[in-house]
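Let's take a look at how a protein packs its insides. Open the model below and follow along.

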Amino acid sequence: MKNIRMVLLGQLILLILVFAILIFGSSFGISAALWFVDLPSFILIIMILIPGLIIMREWKDFLKAFSVGIRKYRLLELKNIIEAVDAAQKLTVFGALLAIIVSAIMILGQINNLEVIGPNLAVCMISGLYAVIIEFFLLPLRLNAERKMNEEMDLEDE
């Protein structure tokens, strides 16, 4: 993985293709694309992820993960980058769980109204989907940094 940005771009294209096939291949048509959009859920995950990284002082190292393989980093910097991406992965899961729990509580508060349970359950589940998509992009960042760290360790041994 020489250029992580190209890998991430490839993943984005793959994700768009998969969703296009799922949406256009179904009988629901293009209107089904709107089922996958819930701005409050996404904002809640991001509101946990970014401030969490800033509070833990991992934000700068997290941003460096996007240039591993492009810029040269020392072994300690690579270790810090891996820890920052690991923190981002965990914060994404925590943010999604918080969004799911909040949505579930709101659904249970309206349990008597059966007409809103289906759409509200869909909104509840979309947070989990967003976490999976974010993890889909974080995993290559971590693997790239780990691979680069292993290369640097091999060079030190020689």
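Buried means under 20% relative accessible area, exposed over 50%, and partly exposed in between (1.4 Å probe, protein chains only). With 11% relative accessibility, Tyr 130 counts as buried. This is a predicted model, where local features need pLDDT of at least 70 and side-chain atom pairs count only at pLDDT 80 or more, while totals for chains, interfaces and linings use all residues. Residues are numbered from 1 along each chain as its sequence is written, and side-chain values use heavy atoms, leaving out hydrogens and water.

Now for the rings. Rings of Phe, Tyr and Trp (its six-membered ring) pair if their centres lie within 6.5 Å; planes under 30 degrees apart are stacked, over 60 edge-to-face, and the rest tilted.

| Pair | Centre to centre | Angle between planes | Type |
|---|---|---|---|
| Phe 42 and Tyr 130 | 5.8 Å | 85° | edge-to-face |
| Phe 62 and Phe 66 | 5.6 Å | 90° | edge-to-face |

Phe 42 sits in helix α2 and Tyr 130 in helix α5, so their pair ties together parts 88 residues apart in sequence. Helices here are DSSP runs (H or I, at least four residues), numbered from the N terminus. Phe 42 itself is partly exposed at 36%. Phe 62 is buried at 7%, whereas Phe 66 is partly exposed at 27%.

Leu 53 touches Trp 59 and Phe 62, among others, where contact means heavy atoms within 4.5 Å.

How values were computed. Helix = DSSP H or I, 4+ residues; strand = E, 2+ residues; numbered from the N terminus. Lists of a residue's contacts leave out its neighbours within four places in sequence.
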